[in-house]
Amino acid sequence: MKYPIYPITLFYVSGIFCAYFSLIPFKWGVFLSILGLLVFAVNLFVKPFKGFSFKRNLIALSSLAVVFGSLGFLSYYESNKKDDITNLNETDFVVKVTDVLKPNAYAHRAYAQLISHEKQPKVLVTYPINQTTPTIGSVYRIIGSISEVPNTSNPSDFNYKTYLQHKKIYYQITSYHSVFKIGEEPNFQSKLVAFRNNLIYQFTKMGYSNKTKGFIEALLFGVKTNLDGSLQQQFKDFGIMHVLAVSGMHVVILFSTITYVLNRLRVSKKVLTIILILFLIVFSFMAGLSGSVVRASLMCLLAIIGNVSGRRTHTFNLLAGSMFVILLFEPNYLFDIGFQLSYAAVFSILFCYPVVQKYFTFKNAVLNYFGQLIGVSLIAQLGVLPISIYYFKQIPLLFLIGNLIAIPITTVLLVAWFVQLLISYLWLKAAVFLTFYLNLLSDFCFNTLAYLNTFFTIKSFSTHVTIGQCLLMLAVIYSAFWYFKKKDFFKIYIVFTLIILLQFVSIYKIYQDKTTNEVVLLTDAASVVFLNRQGKLVEQYGKSKNRESSITNYLLQANAAIIKVDTLVNSFKINNKSWLIVDSLGVYPIQKTDYVVIQQNAKVNIARLVAYTQPKQVILHNSNNKFLNNEYTMYLQKAKIPCYDMRNKGSFVIDYSSGNN
């Protein structure tokens, strides 16, 4: 094969997907990997190749698929071994912080190693906001409770449990008490963070405001904890959050700047290579090893290696090779949204943009720069659009305007702030002199976006696609550009076949939307809210201020609309099934009921309630305290009455379409 890295990466990725969706049992994965290695070895070494043989090439390719597919399968399983914590009644913990997250209005959050446990698993730690801010490498004693990360609260909500599982976090520690710092265990990462904090502090000495300094931290170091909320919302509205996330674009800009400056200073090739490699490694760690930064850094590293070894580098080889190396060490990166968007954007630019580049090329240098910027932005947005819709359920309408304003300015600012940082260590007064002018430029960017943000009322279009539609849309886009690259008649068949498949999947989705009948009891810390769905029509019972986004996402995914909103009473019927809600008053009628919902810490005699109402199922609402739900659950399980704890399981759904209710 001329480019073996392509099928190797494809097979490896396919193996990861098979493991993720549990398509093959683990024992079969081990067996197939051994079988594939044996077949490949026999085919390659027992009888040497003599010219082209379709049969032997097919066997070699098939065995290669099995070997690397099994390797991806096994690496995913090995990487995602769960360290079970059997004692969930423990209340005293010792943790070492490994990563600090942005706090919310109520609590600090961090990823940490539970070093008081023999296996030292990673956990999510949450404690009150009025306590000390966590730092990487610090060891804390925490008094609280530990539990498994709960399932998604409501249908169509972001699946935070799956997100944490890809980071190998299965448990969370929650504390409402004081935390005690008992020591420091510095490691390579904590030293890098300390180094990064020293660099950030240089900008404080140069006289930048908190708003601008927060922007510098995000742009140059990938730290968003101090980023101004209104500024972040503006970038989100314009669909240019990739500018704030340290990405491949930032790596390439700084990499090119360092290369240009050192070449002008006539630094030797060997020294230049060492400096560039060190920069890529350190910058990747400083940016938190995000998927896009690691991808760009690896591509640059592979290009350097190819240049040093005198080998000709091919951009697509670098792209596939960097993906394979990243996933070889961390297969969970494949499910990182940033990783997927980064590779989709780069592949779109490399594969699709040459087809349309001539339409954005001009003789005038200024027009050509902005023409190329528009062309690249459009192609990159087209390439990531299906993925973006799938995850974020919206199409940004102002991304082109945002890119035209933000990218040129932030490119200048990125390079200028990087150079200013270097100058500040040599001559601080000279660096401070630049602050005034860079402040003007950054304020111009902020103010322009703020003005345009108020000028445009509609900033995005909400929609939803399934995973099948997303993949087929990507396939249609790339196959269409593949056809225009070199027009062949059989490619038309492929394009139209994919379009027809996309239509079938979309029609099936419409059929599902029209025939789905279900009742959803949403999780809400304060209110009880029912959604009664009949196809594309939804009746809402009860109101909620906390779950408006959950309701919006549900309607969007179901392609449905609310036809009425009614107040909720304690006793009612939905689809000929009787419901009873028992609230904090603990008052209820003595009558047979299909479903009983206990909410607001209703302290009732559970045995008497069950005897009087004879329910088919008891739902314990998440507005109850944990201990009360546990108490009721223990009795109901002994009495062999089906119960559903919404604190642990999320929303309660009855699917009337299946007939099993």
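Which residues is L449 in contact with, leaving aside its neighbours within four places in sequence? In this predicted model, in which local features need pLDDT of at least 70 and side-chain atom pairs count only at pLDDT 80 or more, totals for chains, interfaces and linings use all residues. Residues are numbered from 1 along each chain as its sequence is written, and side-chain values use heavy atoms, with hydrogens and water left out. Under these conventions L449 is in contact with Q234, F235, F238, I240 and I405 once neighbours within four places in sequence are set aside, contact meaning heavy atoms within 4.5 Å. L449 belongs to helix α17, which spans residues 428-455; helices (H or I, at least four residues) and strands (E, at least two) are DSSP runs, numbered from the N terminus. Because its relative accessibility is 0%, L449 counts as buried, a term that denotes under 20% relative accessible area with a 1.4 Å probe and protein chains only, as against exposed at over 50% and partly exposed in between. A separation of 9.3 Å lies between the C-alpha atoms of L449 and I401, which are 48 residues apart along the chain.

A helix pair is formed by α13 (residues 337-351) and α18 (residues 467-485), whose axes come within 11 Å and cross at roughly 20°; axes are lines fitted to C-alpha atoms, for helices over the stretch in contact, and angles run from 0 to 180 degrees between N-to-C directions. The two helices α13 and α18 are therefore roughly parallel to each other, the class for angles under 35 degrees. On the α13 side, A344, F347, S348 and F351 meet Y478, F481, W482 and K485 of α18. By class, this contact of α13 with α18 has six nonpolar, one polar and one charged residues, where Ala, Val, Leu, Ile, Met, Phe, Trp, Tyr, Cys and Pro count as nonpolar, Asp, Glu, Lys and Arg as charged, and the others, Gly among them, as polar.

Seven strands form an open sheet of mixed pairing, in the order β5-β6-β3-β2-β1-β4-β7, two strands being paired if DSSP finds at least two bridges between them. The edge strands, each pairing on one side only, are β5 (145-148) and β7 (179-184), and the twist from one strand to the next averages 40°. Strand β6 (residues 169-174) pairs with β3 (residues 122-128) in the parallel sense over five bridges, in which V123 has Y171 as its bridge partner and V125 has I173. With β5, strand β6 pairs in the antiparallel sense over four bridges, and T174 in β6 stands opposite S145. Five of the six residues of β6 are buried, so that this strand is mostly covered.

Methods. Angles under 35 degrees count as roughly parallel, over 145 as roughly antiparallel, 65 to 115 as roughly perpendicular and the rest as oblique.
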